[in-house]
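Please look over the sequence and the model shown here before reading on.

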Amino acid sequence: MRKIILIIALMLMIFSESNSQTGLGSFSGNFEINNQYYLKDSIIGASNVPEKLRSNGFFNLNYVNGNISAGIRYENYAQPLLGYDARFAGSGIPYRFARYSGDLIDITAGNFYEQFGSGMVFRSYEDRQLGFDNSIDGARIKLTPGYGLSLTGIIGRMRNFWATSESLLRGVDANLEINSLFESLKESDVIFNLGGSFMSKYQADKDPLLKLPENVGAGSVRLGISGESFNINGEYAYKANDPSYTNLNSYNSGNGLLIQTSYFTDGLGINLNFHRIDNMDFRAERNAIGTVLNINYLPPITKQHTYGLTAMYPYSTQLNGEIGVQMEVNYTFPKSTFMGGKYPWQFTLNFSNLNSIDTVHTSKYLYDSEFGFGKKTFFQDISLYAYKKFSPDVKSNFGFVYQKYDRDIAEKGGAPTFGMVTVMTAVADMTFKVANRQSLRAELQHMFYDQELEVHPEYSNGNWASALLEYTIAPNWFFSVMDEYNYGNEFDEKKLHYYTASLGYIHSGTRVQLSYGRQREGILCVGGVCRLVPSSNGFNFNISTSF
């Protein structure tokens with residue numbers, strides 16, 4: 001309570017001071033609450049929830065006046081929704097800040113989010129869908145002295161649910177626009193950027209058996225080149241040895257290489273990406289697991305599918321080691337061709353492949369690794385989507401996705417339960433305008449499933465089919481019904497329907513939605529970071545607004 005009073009007092013002081021000098025300033029914010037009433041459903045394995053009703057909610061309030069800004073966020077987890085870490089239970093203000101932003105200097109005191117480069121040595125961000133928040137509580141200074149140079153320095157501790165990490169984090173990032181230094185390059189169409197980052201943590205060694213490093217540093221260098229029709233970005237990161245629970249107390253150093261390239265011209269876009277990761281799990285505490293206390297972020301090079309069945313087997317980046325490539329081609333046919341016309345066909349072809357890196361242990365806590373692709377395939381995705389607008393009233397999206405997915409690696413920590421799973425999924429998505437500002441969307445999906453091992457056939461899913469109808473009355477109302485049917489399960493009692501019905505209302509910045517149905521157990525991934533979503537049945541009520 002004392003902290004809350006101090007925060008409110010600080011905001012009132014800022015408001016009063018700014019008001020006396022430059023006017024009233026402005027407030028903005030947003031609010032969201034997600035309630036779910038759970039029903040027991042032993043058929044799908046949904047457990048009984050004693051509280052019946054659980055809720056996640058938050059309220060952001062921000063104030064801006066000239067160069068001064070401040071904000072707070074109140075969060076309330078009466079009991080977190082199923083699938084979110086139980087340590088979120090409670091309420092309070094875990095995020096508050098005051099900030100001054102000028103031409104030369106930008107200072108933040110309190111909580112903040114930040115990213116250095118691609119994030120391979122440091123990224124602090126929030127994703128409510130994943131229940132992920134690793135904000136830093138401390139101080140941040142940004143300097144822009146000119147000459148194309150920008151500097152960022154941070155110090156603080158990472159959020160750990162309602163507390164902060166044991167470790168103290170310190171970091172600095174620099175970015176230089178090389179064109180600004182040379183007169184001959186100032187008018188060039190090609191832009192060159194050079195950057196570097198360093199991040200360190202201090203955590204006391206309390207291990208009774210091992211001698212652990214208390215200061216662990218990680219650094220990276222990056223180069224970006226961009227022109228009118230291309231981008232090339234590369235970053236190399238190095239992490240000092242950091243024995244932890246997730247890397248089985250390995251004393252190896254870590255390293256990561258990321259190369260992202262793109263080429264784009266009229267109607268054509270091509271992306272080529274590569275990354276290699278070796279022992280780059282970097283956390284604010286040695287014993288943290290899951291998605292807790294991650295200091296860095298390793299950008300995935302897999303396609304983020306949005307349809308239900310195509311996203312049933314998403315891939316989570318293997319922080320201790322993987323190597324992979326991705327290619328994506330987007331092409332729109334010229335209007336003068338047979339596939340063009342008034343409404344041309346648009347195609348997206350994606351190929352992603354992730355493999356292990358081969359290692360040989362030289363001692364209990366050390367190993368040698370090779371640079372090339374390892375013998376084991378972790379994940380492979382080949383997908384083709386075709387978008388076509390047939391008339392002002394009819395548009396479509398068709399897709400076919402082929403995936404090979406090592407469930408043992410992604411879900412079971414390597415235990416030989418499933419072997420390689422192969423799935424092929426077809427999608428047909430059609431939208432019809434049926435009246436003025438009214439539309440009907442129909443979506444059909446089918447997934448063929450094949451499992452390599454039969455060690456635990458009870459975990460096999462088999463084939464799935466899915467259908468969805470969504471009716472929209474713009475700009476306010478929408479209604480939908482959906483059913484996912486596991487008709488190909490080997491066990492008759494698991495040939496189940498997962499049905500959902502929803503209705504929603506949108507007005508200005510407010511959105512209200514009520515839904516009822518079943519949620520199948522699965523993995524939810526966003527940007528290569530994943531959490532388990534358990535089976536559930538019940539009502540969900542969501543309301544959000546912004547101002």
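## Terms and basis

Buried means under 20% relative accessible area, exposed means over 50%, and partly exposed means in between, with a 1.4 Å probe and protein chains only. This is a predicted model, in which local features need pLDDT of at least 70 and side-chain atom pairs count only at pLDDT 80 or more, whereas totals for chains, interfaces and linings use all residues. Residues are numbered from 1 along each chain as its sequence is written, and side-chain values use heavy atoms, with hydrogens and water left out.

## Salt bridges

The structure holds 26 salt bridges, a salt bridge being a side-chain nitrogen of Lys or Arg within 4 Å of a carboxyl oxygen of Asp or Glu. One of them pairs Lys375 with Asp358, where the closest N and O atoms are 3.4 Å apart. This pair links distant parts of the chain, 17 residues apart, for Lys375 is in the loop between strands S22 (366-369) and S23 (377-391), while Asp358 is in the loop between strands S20 (346-355) and S21 (359-363). Lys375 counts as exposed because its relative accessibility is 75%. Strands (E, at least two residues) are DSSP runs, numbered from the N terminus.

Salt bridges that share partners also join Arg73, Glu75, Glu126, Arg128, Asp133 and Arg159 into one network. Glu126 is partly exposed because its relative accessibility is 30%, and Arg128 is partly exposed because its relative accessible area is 25%. Arg159 forms a salt bridge with Asp133, again with the closest N and O atoms 2.8 Å apart. Arg159 lies in strand S11 (residues 149-160) and Asp133 in strand S9 (residues 132-133), so this pair ties together parts that are 26 residues apart in sequence. Both Arg159 and Asp133 are buried.

## A buried glutamate

Glu328 has its place in strand S19 (residues 321-332), and Glu328 counts as buried because its relative accessible area is 16%. Leaving aside neighbours within four places in sequence, Glu328 is in contact (heavy atoms within 4.5 Å) with residues including Gly269, Lys303 and Asn350.

## A nonpolar surface patch

Residues including Tyr37, Trp477 and Phe541 form a nonpolar patch on the surface, with about 850 Å² of accessible area together. Such areas come from the Shrake-Rupley method with a 1.4 Å probe, and for residues only the protein chains shown count as cover. Patches are made of residues with over 30% relative accessible area and no salt bridge, like charges being joined within 9 Å and nonpolar side chains (Val, Leu, Ile, Met, Phe, Trp, Tyr) within 5 Å. Phe541 lies in strand S33, and Phe541 is partly exposed because its relative accessible area is 35%.

Technical notes. Helix = DSSP H or I, 4+ residues; strand = E, 2+ residues; numbered from the N terminus.
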